[in-house]
Each structure stands twice: as C-alpha cells, then as structure tokens.
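This briefing concerns the ligand site and the salt bridges of the structure shown below. Please keep the sequence and the model in view while reading.

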Amino acid sequence: MNWEDFRQWGRRAADWAADYHAGLRNEPVRAQVAPGAVLSALPDAPPEGAEAMQAIFDDFEQTIMPGMTHWQHPRFFAYFPANAAPVSVLAEYFVSAIAAQCMLWQTSPAATELETRVCDWMRQAIGLPDGFTGVIQDSASSATLCAVLTMRERALDWQGNKAGLSGQPRLRVYCSAEVHTSVDRAIWIAGLGEENLVRIPTHGPTRAMDADALRAAIAADRAAGHQPAGIIACTGGTSAGASDDIAAVMDVAEAEGLYTHVDAAWAGSAMICPEFRSLWAGVVRADSVVMNPHKWLGAQFDCTTHFLRNPDDLVRTLAIQPEYLKTHGADGIVNYSEWSVPLGRRFRALKLWFLIRAHGLGGLREMIRNHVTWAQDLAARLEATEGFEVVTQPMLSLFTFRHLATADLDAHNQDLLNRINDDGRIYLTQTRIDGALVIRFQAGAFTATAEDVAMAYDVITELAAAGT
Ligand SMILES: *Cc1c(COP(=O)(O)O)cnc(C)c1O
C-alpha cells in the first residue's frame with residue numbers, strides 16, 4: 001500500500017469504525033465462536049505474492065470480526081472496562097501515522113513535554129498533591145513491576161542490579177490476598193520469589209488488609225532475619241473491589257521505613273470525583289501510585305499513569321546511564337525511558353490530552369457517577385428480587401451476586417452465567433468470594449445508558465427463571 005491508497009482506505013476505515021460502533025447494540029457482546037474456528041479458517045502458509053487490499057479487508061470482516069468480543073459494547077459488564085472514547089481512537093490514529101519512538105526527550109521533545117503536562121493534569125484530576133510526579137507506563141503490571149524493583153534496590157542499598165540476589169538477605173513484600181495477579185508476576189520477575197510475598201489476611205466489608213496482622217508479620221520476619229522491603233496496597237481489587245485502609249498501611253510503612261505502592265488500576269479513574277477519594281484516604285503518603293486511564297476513563301488501551309513521590313528512586317533503579325542524576329530534570333530534560341522497563345515508548349500522552357480536552361473533567365465525572373449510581377440501583381433491585389443474593393455490595397460500580405438454588409450453588413451459578421453469555425445481550429464474568437462462585441457485575445462502558453443496565457436486570461432474571 002502506498003500513501004495514496006492509504007488516503008482512500010483511511011477514509012473507509014473511519015466510516016467502518018463509525019458504522020461498527022453505531023451497530024454494536026445489536027451484536028452479541030461476547031464472541032459466539034467455537035475454539036479453533038478462526039484458526040482453521042486461516043491459510044496454513046503466508047502468501048508469496050501481494051494480495052489486494054480489498055481481499056484482505058473482506059477476510060477481516062468475514063473471518064476475524066465474528067470472532068471478536070465487543071469490548072466497546074454498551075452492555076459489556078464483564079471484567080473491568082477498556083474504554084476507548086472516539087477522540088482517543090482518533091489520537092491513536094495520529095500517533096500511529098507519526099509512528100515516533102518517544103524514548104528520549106530529543107527523540108520527540110513534544111511527546112516528552114506533553115507527557116509531563118498531561119500526567120500533571122491527571123495528578124490534579126485525581127487529587128494527588130503536587131509533590132507527585134507522573135509518567136505513562138504501558139500497563140499497571142509494568143508500573144507495579146517498577147515499584148517492586150524500586151523496593152528491591154532500595155532495600156539492598158542499590159546493589160541488586162549490580163551484584164544480583166544470591167547471598168543477599170531474603171527480601172519480603174507484603175500485600176493482602178485481594179491484590180491483582182500482576183503483583184505475583186512482579187515478585188517473580190524481580191527475582192524475589194513467590195514465597196517472599198507475604199499475604200496479610202483481610203477483614204471487614206471493604207476486605208482491607210489487617211494492619212495489626214501486617215505489623216506482626218513484619219516483626220516476625222525481622223526476628224527471623226529477613227528484610228522487609230515494601231508494601232503493596234490496593235484500592236479497588238479486581239475480584240470484588242477490595243480496598244485497603246491506606247492510612248493504616250502508611251502508619252506501618254512509615255514506622256518500618258518501607259516503600260509503598262498503591263494499585264488503583266481500575267478505581268483510580270473514579271478519583272476524579274472528590275466524593276470517592278475517601279476510598280484511598282492516606283494515599284498522599286504513598287511512594288508510588290498507579291491508575292489506568294485505559295480502563296474506566298476512556299483513553300484507548302494502553303495508557304497507565306504512574307505517580308511517584310520521588311522519581312529519583314525509580315530512575316536510580318532503571319536508568320542505564322550512570323549519570324542519571326544529570327539527565328533527570330536538572331537541565332530541564334527528562335528521558336522517560338529511564339522511568340520504565342522497555343526502552344521504546346509509544347506516544348501515549350496524545351490520547352490522554354485529546355480525551356481530557358474533548359470531554360472535560362466534568363464530562364468524565366458525570367460518566368463515572370452515572371455508572372456508580374446505575375450499579376447501585378441494579379444491586380438494590382436484585383437484592384429485592386426473590387431468589388437473588390447480593391454477595392458483595394457495590395464498591396463504586398462493581399458488585400457480586402448469585403442466584404439461590406437448592407442443589408449445588410456453584411454449578412447452578414456457573415450454568416446461569418454460561419447461559420447469560422451465550423444469550424449475548426449482556427456479558428458478565430464470575431469470581432470467588434470466600435470460596436463460593438459468584439457472578440460479578442460492573443457498569444463502566446463509555447456508551448452505557450441507564451436502559452442498558454436495566455436490560456441486565458431483565459436478562460439476568462429472565463434466564464434465572466428459565467433455568468429453574
Ligand atoms: C486491571 C488491573 C491490573 C492490571 O492492569 P494492566 O494495565 O492490564 O496491567 C492491575 N491491578 C488491578 C487492580 C487491575 O484492576
């Protein structure tokens with residue numbers, strides 16, 4: 001394809017995208033294909049000769065699209081959202097047309113300086129004080145890995161990268177049982193070992209880690225000659241929105257001199273609404289905080305903002321150049337590749353800039369408040385419906401429920417969930433709460449309406465009744 005053909009196909013792509021979104025309400029949310037169906041429809045070997053764009057496009061529509069789950073569907077109530085506001089899709093289009101590698105200031109000064117500016121906009125938007133500095137990472141998983149590596153280096157007096165971990169004291173990291181699996185992976189990759197990730201029991205309706213148990217675990221580790229390195233707290237856990245008491249965690253961390261990371265990958269978007277900030281009260285004392293504008297807020301995947309109280313610790317951990325202190329900030333030049341694991345960096349700041357400007361914080365707040373209200377309404381309606389039990393109450397826009405039955409409850413709810421997702425009008429996922437299988441609901445699609453959430457009630461109750 002040359003750029004003249006691109007002109008034509010680019011226009012068709014814009015039409016296709018607008019039509020696709022206009023028609024989404026009529027599509028089943030979850031792909032309804034059997035495993036292997038797409039694979040077997042694709043030729044075994046790559047083509048030797050060039051193929052016409054029209055043929056490629058036809059196969060895209062006929063073979064690929066039926067196998068896609070529609071994440072931008074207004075009735076996507078599964079997982080957490082991966083919202084892509086139209087304006088952020090447009091920004092991504094420009095970014096891919098420019099296709100710059102934004103690893104150093106000089107490899108695209110505007111990309112670096114816009115990143116600095118929009119990270120600070122996000123910092124203000126979610127109510128963090130101006131002592132925090134932000135960077136855009138590719139995922140919350142990467143940000144958490146960065147935090148764990150920083151904990152490790154700080155605890156080893158910055159010798160881990162150089163000397164390795166053998167012969168070092170056993171480093172210990174603490175978290176609750178509700179944290180995301182990205183924490184486990186970060187611990188593995190950082191070389192600390194799963195056995196050194198200490199899971200603190202949770203208590204209460206917020207499923208927060210027990211601060212006394214945390215204190216006791218640290219004391220026991222010190223007595224055993226291990227070296228506590230840091231604490232990972234969560235605001236809005238993936239399963240049921242578990243949220244630690246950040247202030248209580250910070251009391252322990254400060255008394256023990258430990259580095260802290262707060263994972264608010266999903267719930268962080270809601271912090272643009274001041275009334276929800278009590279959920280992470282005390283976050284101002286954390287060392288590192290991550291939230292994903294690519295989840296609820298609408299910045300097309302991927303776009304993670306990672307806020308640091310002292311970026312020098314992170315840069316000291318990750319910068320390859322020994323004169324890192326000179327490049328960081330002092331001369332007005334920031335090289336963000338020294339703040340993250342990969343060297344190459346996409347120009348992610350552009351879509352956040354477009355998004356915040358096109359919707360305004362007011363518009364984004366309204367969306368989040370609506371989702372929270374609609375989820376609370378749905379939970380209340382289900383709770384008032386005979387045969388249903390709300391298992392965990394709404395945490396922002398997330399709650400879990402199950403349908404009661406006389407026989408095997410887990411199997412009954414798995415069957416109900418399968419029938420709901422085969423039906424296609426809505427899409428839900430399951431989780432386990434205290435060992436029991438429950439159905440998980442979150443409202444968060446960028447284009448969802450109150451009617452879409454009301455339809456979820458109709459589908460759930462209709463299919464539950466049909467199965468009994
Ligand atoms: C989604 C999520 C993650 C992982 O986010 P990625 O950006 O996909 O790595 C981590 N923690 C929590 C609480 C999440 O909800």
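A polar contact is a pair of N or O atoms within 3.5 Å; within protein, one atom must be able to donate a hydrogen and the other to accept it, and residues adjacent in sequence count only if both atoms are side-chain atoms. The model is predicted, so local features need pLDDT of at least 70 and side-chain atom pairs count only at pLDDT 80 or more, while totals for chains, interfaces and linings use all residues. Residues are numbered from 1 along each chain as its sequence is written, and side-chain values use heavy atoms, with hydrogens and water left out.

**Ligand site**

- Asp263 brings a polar side-chain atom to 2.6 Å from a nitrogen atom of the ligand.
- In the side chain of Thr238, an N or O atom is 3.5 Å from an oxygen atom of the ligand.
- The protein buries 89% of the 390 Å² that the ligand exposes when taken alone, with accessible areas from the Shrake-Rupley method with a 1.4 Å probe.

**Salt bridges**

- The structure holds 29 salt bridges, each defined as a side-chain nitrogen of Lys or Arg within 4 Å of a carboxyl oxygen of Asp or Glu.
- Arg152 and Glu153 form one of them, with their closest N and O atoms 3.1 Å apart.
- Arg152 counts as buried at 8% relative accessibility, and Glu153 is buried with a relative accessible area of 1%; buried means under 20% relative accessible area, exposed over 50%, and partly exposed in between (1.4 Å probe, protein chains only).
- Glu275 and Arg369 meet through their side chains in a salt bridge of 2.6 Å, N to O. This pair links distant parts of the chain, 94 residues apart: Glu275 is in the loop between strand E7 (259-263) and strand E8 (288-291), and Arg369 is in helix H14 (residues 349-383).
- Glu275 is partly exposed at 41% relative accessibility, and Arg369 is partly exposed at 33%.
- Asp302 and Arg346 are joined by a salt bridge of 2.8 Å, N to O. Asp302 lies in the loop between helix H11 (293-297) and strand E9 (304-308) and Arg346 in the loop between helix H13 (324-327) and H14, so the pair ties together parts that are 44 residues apart in sequence.
- Asp302 is buried at 11% relative accessibility, whereas Arg346 is partly exposed at 32%.
- Salt bridges link Glu92, Asp302, Arg346, Arg348 and Lys351 in a network.

**Buried loop residues**

- Arg207 is placed in the loop between strand E4 (202-203) and strand E5 (208-209). Its relative accessible area is 15%, so Arg207 is buried.
- The side chain of Arg207 is joined to that of Glu178 by a polar contact of 3.0 Å.
- Gly282 lies in the loop between E7 and E8 and is buried, with a relative accessible area of 18%.
- The C-alpha atoms of Gly282 and Ala248 are separated by 8.0 Å, and these residues are 34 residues apart along the chain.

Notes. Helix = DSSP H or I, 4+ residues; strand = E, 2+ residues; numbered from the N terminus.
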